[in-house]
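Please study the sequence and the model shown here, and then work through each solution in turn.

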Amino acid sequence: MSEPTTDRRAAGVAALAPARRLGEMRHLGLLVALAILVVIGLVTRPENFATASNLVSILSLAATIGVITVGATFVIIGGGIDLSVGAVMALASVWATTLATQAYGPWVMAICAILVGTGAGLVSGWLIAYGRLVPFIATLAMLVAARGLAQRMSDRRTQLVQPENAALVDLSTTRVLGVPLLVYIFALVVALGWVVLNRTTFGRRTYAVGGNPEAARLAGIDVRRHTMLLYALSGLCCGIAAILIMARTTTGSSTHGDLYELDAIAAVIIGGTLLTGGRGTIIGSILGLLIFTLITNLFILNGLDTSDQLIAKGLIIVVAVLLQRRNLKERST
Amino acid sequence: MLVIKGIVKQFPGVRALDGVDLDVRAGEVHCLLGQNGAGKSTLIKVLAGAHQPDEGTIVFNGEQVRPASPIDAIRLGIATIYQELDLVDGLSVAENIFLGHEPAKLGFVNRAAAGKAAREVLERLGHGEIRPSAEVGRLSPAAKQVVSMARALSHDARLIIMDEPSAALAHDEVANLFRIIRELTAQGVAVVYISHRLEEIREIGDRVTVLKDGRTVAVGLAARDTPTTQIVSLMTGRNVEYVFPPRGGRTFGEEVLRVENLTAPGVFSDVSFSVRAGEIVGLAGLVGSGRSEILEAVYGARSATGRVLLDGRPAGRGVVGAVRRGMGLAPEERKAQALLLDQSVTANITLGSLPGFARFGWLDRKRERAEAKRLSEMLDIRPPDPERPIRTLSGGNQQKAVLARWLLGGRKLLLLDEPTRGVDVGARAELYAVIHDLAERGIGVLLVSSEVPEVLGLADRVLVLREGSVIHEGDAAELDEHRVLDMIMNGRAA
């Protein structure tokens, strides 16, 4: 009686297996790389590496860029690129820490950062989607302009978060289960990003717009509107990242987030997202970012030169992409 | 000069060339005729070295050759001017002419020599007015054609293949093209000329070879004296069996689509027609007759003046509006315009009606999979696993998935552009059955195909297009392939 059902189920599982396995395989390499780095940490610095405080500092370090990386993953899967993330985050942090904004308290500061980030993203997105500018150029312009505006607003001075708004700084000092709140915010953004990308029409459209914009358009998707929203989402993530960096450094500054765009893009690429769009995962990007952060951590713990650290990161990007290309080839045959 | 015998070229699932013979003499214009899919472009690519034949011999200037690459063919003296001109827009005329074989010393291009040589070649073509330093992107289509030809000559080509060179040209520019061709042939260069326009072939051609279904059916007919009826019947007598579902039994409902005076300057003009629920209307015409462009305009993907009414009301703005109002398009280039190759069959099927599977943006993936499964079974998409990446399916099954996309969401009108392109014969019959099935469900269908028998076999009513105008409209049952081809090629309205 039950035989045919089990048979069919077995067949179904067998049919799904290749797809599943590929999904796991895709992250397997990253996990192995992470594991190797952990082992290196344990061997070279047994007394410092595996401590709670070191792990927390790795995660806190990763949180700010991590939030930006989530947004960057969306933009890149959607076939674009956002170079302005670091500058937009800096602008948001400066705008939120002006004395005028600070007068309204920490909530308004947070909302201000988010609005500034999203607004900047909308401007880039509008220029790209409706002004037909190439994403590289539009966001490069935004990078330069946002930095400049941040310098002008702050008069190139670092703006402190005022004592009466210390609640904002609590995000990095208050710990739940030994972990600062900002790490929870990072985790929440990652989780939300995953859900949106994998379980909503927005996510599905992102893959469609990045994978084949013409097909998406002819299937009735408003490609331009979607493109604009992708950059707005990236800007939103920059706004959230600005809150985290204000909490961690207790400052807003036009120099925050310098070269974050490169770290974010590198993390996304290492995570297996194609720069040409249409393919990629949030989990991969986060693993890519953790690899990067771990390398930084290991170099610092071992007192090595930061220049060597950069060289190592460069090598990792190349190796990761070469390995992925091999995987791609195997899959398409 | 060129003698080809028994060329066979096979692609997975298709025998594109199945024994082609061709014999071209020095100094002649040899025309190649055949319907779409007859194998003309494959033959050109074999000659140009882009494809290698599986069987057969090519003898060029008394020597047996086998061009292994485009460079190889060029070195032999065979140059090809493709339909889409392969010029680099950002470079100058001289740079384009000598692209790949620049006069150079130690890697430094001798610009003066290149400019001088370019001027000589252009003058030889009677176009001394084209400056060698001009940027190619700013030239007119006719001038670009001249540059392409100059490039062919700069290689000392003895045989020049021209694939529909007149397609992009205005009338007086065609006259100039012919003058150049005559000068070339007077110098002993042979030209293989491909065109759909019979009148051109009569004017410029010396002899004609007709291809049909990958085979040569006539070699070396006199281009001027062979009667049109003979040429057309050579082109149409078919071996491919078209299995169409029986006509009739369907009743047409209300008018779904009404198109009034649709015009896009230079592409099509004053096109009016209507499609009723359950009716299949076919557009027959050559590439460049405006057939696909009309479909795009109806779908909102191309701007045009005139009116498009869906259910008596103006269709929404753009593609988004058209889809929302119940239209669907299966575009001509399946891979480039319809499919997300990396995604699953399911994701491809539901792409056109995502909001229908979502609440507040949240996708109901279970229902999505269930619907994809139901449609896969209904259309017999194989292999029957909707979670597979769509790139692993055959062309016919991919096309079924595109049709399945528009079976969702209560479509009223489907626009099908070359629905059976790149699909093997067996899958064709299945697609035909699916299309009939769609019509039986009360969906209006507007069909474009370059294969006349397909239009006639599937459609209830046919519009014949030539150079952007409807030259005939009538019941499909009252037309035959012969008459339609005659209208398309000679412009005679029945």
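Two residues are in contact if their C-beta atoms, placed from the backbone, lie within 7 Å. The model is a predicted one, in which local features need pLDDT of at least 70, side-chain atom pairs count only at pLDDT 80 or more, and totals for chains, interfaces and linings use all residues. Residues are numbered from 1 along each chain as its sequence is written, while chains are lettered from A and ligands numbered from 1 in the order in which they are written.

**Exercise 1. The core**

Task: State which residues A:Ile68 is in contact with, leaving aside its neighbours within four places in sequence.

Solution. Step 1: A:Ile68 is in contact with A:Val85, A:Met89, A:Cys237, A:Cys238, A:Ala241, A:Tyr260 and A:Ala264.

Step 1: A nonpolar core is a set of buried Ala, Val, Leu, Ile, Met, Phe, Trp, Tyr and Cys residues joined through C-beta atoms within 7 Å. A residue is buried if 20 or more other C-beta atoms lie within 10 Å of its own, exposed if 12 or fewer, and partly exposed in between.

Step 2: The largest such core has 246 residues, and A:Ile68, A:Met89, A:Leu91, B:Ile160 and B:Leu447 touch the most other members. Its largest share, 18 residues, comes from helix 11 (residues 223-249) of chain A. Helices (H or I, at least four residues) and strands (E, at least two) are DSSP runs, numbered from the N terminus.

**Exercise 2. The domains of chain B**

Task: Determine how far apart the centres of domain 1 and domain 2 of chain B are.

Solution. Step 1: The domain assignment, whose bounds come from an automatic or database source, gives domain 1 (2-236) and domain 2 (255-490) in chain B.

Step 1: Taken over C-alpha atoms, the two centres are separated by 34 Å.

**Exercise 3. A sheet of chain B**

Task: Explain why strand 6 and strand 12 of chain B each have one side without a neighbour in the sheet.

Solution. Step 1: The open sheet has six strands in the order 6-9-10-3-11-12, with mixed pairing; two strands pair if DSSP finds at least two bridges between them.

Step 1: Strand 6 (78-81) and strand 12 (215-222) are at the edges and have a single partner strand each, so one side of each lacks a neighbour in the sheet.

Step 2: Strand 9 (residues 159-163) and strand 10 (residues 190-194) of chain B are parallel, with five bridges, and B:Ile161 has B:Val192 as its bridge partner. Strand 11 and strand 12 of chain B are antiparallel, also over five bridges, with B:Val208 opposite B:Leu221. These two strands form a hairpin with two residues between them, and B:Asp213 in the turn has a positive phi of about 50°.

**Exercise 4. The contact between chains**

Task: Find how many residues of chain B are in contact with chain A.

Solution. Step 1: 26 residues of chain B are in contact with 22 residues of chain A.

Step 1: On the chain B side, helix 10 (318-324), helix 11 (334-338) and strand 20 (362-363) give two or more residues. Helix 10 of chain B supplies the largest share, four residues.
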